[in-house]
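Here are some notes to read beside the model. Please keep the structure open and find each residue as you go.

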Amino acid sequence: MYDIVIVGGGTAGMTAAIYGLRAGKKVLLIEGTTFGGQITLSPHVENYPGIAEVSGSEFATAMAEQVSALGAELEYTKVKAVRKDGGNKIVVTEDTEIPCRTVILATGVTHRHLGVPREEALVGAGVSYCAVCDGAFFKGSDVAVVGGGSTALQDAVFLSEYCSHVYVIHRRDEFRGEKHLVASLSERENVSFVLDSVVSEIKGTDAVESVGILNKKTGEASELKVEGVFIAVGQKPNNDPFEETVKLNEEGYILAAEDCMTSCPGIFAAGDCRTKEVRQLTTAAADGSVAALAACRYIEEMGV
C-alpha cells in the first residue's frame, strides 16, 4: 500500500515526489515514456530561479536523481485508469493494479504538432513550442509563429520585443484570438501576417534555415528565411484515462484550483494537466509541492 502514487514524471510529478518523501510517505512515481516531460526538449533553460542556465535534459536528470536518492520507487508503464476503493484508490496500469491512499495526476500536455518534414528533427534547433521558454535565444533573428489563436498572438507579441522580424502564419484569413492582440501586432513594424497559408515544410540541416509556405487560396508556394519556428496550434492534456474519475473541463483539463484538489477526494492534479492560467516550469514545481502537501494532509485528516 503506497501513501502517494504520482502519475507523470515531469517537473510537477517529481517535485511532488520530493515533498511526499520528505514528509515520510511511501511514494511510487509512474512515468510512461521519459522522466522530465516537455522540459527535456528545451536545450537552454534560463528562467528557473537560482539556476542561471541549464539544459532541459540536465535539469530533468538532476531531479530524477534527487527523487531516486530520497527513496522513491520509479516505474515505467502506462496508466490506464484510476478508481476508488472505499477510502483508498486503485491505479490501473498495463500490467497490474496498485493500491494507494492518494493519487497525484501530473500527466502534463502534448503539444499539437504540424506534422511537416523536418519538424521533429529540428526540435530544440530552431523549432519550439514555447515562446516564453525559448524566445530570448532568438534575439535579433527573424522567426515565424504558426497559429491563429490567442496563444499564438501572445507569442508573437512577446517575440516582437526580442526578434528582428516576426511572421505570423495562419491558415485562415482572420485570427481566432483576441482582437486587441491583433490590433497590437498590426501596429508593430517588425511583425507581418501571412494569412490563408500553412507551413508545408521546415528546412535546415542542423538548425532551422527557412519554412516553406503554401497559400491555401491561390496554391502559391513560397519560402521564408527564418531561424526559429514557434508552433502554437494547441495542446492536448493527457487526461483521457481519468475522465470517469475526476471532472474535466470542455478542453480536457482536470478541474482543480490552486489547492490542486480535484472533484474526487484523495486525488490531486498538478502541473500543465490542470486548469490554470500559466503553464511554466516554475508553476509546475509549485503545483507539485502544493499537491504533495495536500495529499499528506488528506492522509492525516482522513486516517486512510
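1. First, a term. Buried means under 20% relative accessible area, exposed means over 50%, and partly exposed lies in between (1.4 Å probe, protein chains only). Cys260 has 0% relative accessibility, so Cys260 counts as buried.

2. Some ground rules. This is a predicted model: local features need pLDDT of at least 70, side-chain atom pairs count only at pLDDT 80 or more, and totals for chains, interfaces and linings use all residues. Residues are numbered from 1 along each chain as its sequence is written, and side-chain values use heavy atoms, with hydrogens and water left out.

3. Back to Cys260. It sits in the loop between strand 16 (235–237) and strand 17 (267–269). Helices (H or I, at least four residues) and strands (E, at least two) are DSSP runs, numbered from the N terminus. The phi of Cys260 is near 70°, a positive value in a residue other than glycine. Most residues other than glycine have a negative phi.

4. Asp196 also deserves a look. Its phi is near 55°, again positive in a residue other than glycine. Asp196 belongs to the loop between strand 11 (191–194) and strand 12 (197–203). Asp196 counts as buried because its relative accessibility is 15%.

5. Now Ala292. This residue is in helix 6. Ala292 counts as buried because its relative accessibility is 0%. Ala292 and Cys260 are 32 residues apart in sequence, and their C-alpha atoms are 9.2 Å apart in space.

6. Next, the core. A nonpolar core is a set of buried Ala, Val, Leu, Ile, Met, Phe, Trp, Tyr and Cys residues joined through side-chain atoms within 4.5 Å. The largest one has 33 residues. Those with the most contacts inside it are Ile4, Ile6, Leu29, Val67, Ile104 and Phe268. At least two core residues come from each of strand 1 (2–7), helix 1 (11–22), strand 2 (27–31), helix 2 (56–69) and helix 6 (281–302). Helix 6 gives the most, with 9 residues. In soluble globular proteins, nonpolar side chains tend to be buried together.

7. Is Cys133 buried or partly exposed? Cys133 counts as partly exposed, because its relative accessibility is 24%. Cys133 lies in helix 3 (residues 131–134). Cys133 and Val182 are 49 residues apart in sequence and 22 Å apart in space, C-alpha to C-alpha.

8. Last, Arg172. It is placed in the loop between strand 10 (165–169) and helix 5 (179–186). Arg172 counts as partly exposed because its relative accessibility is 36%.
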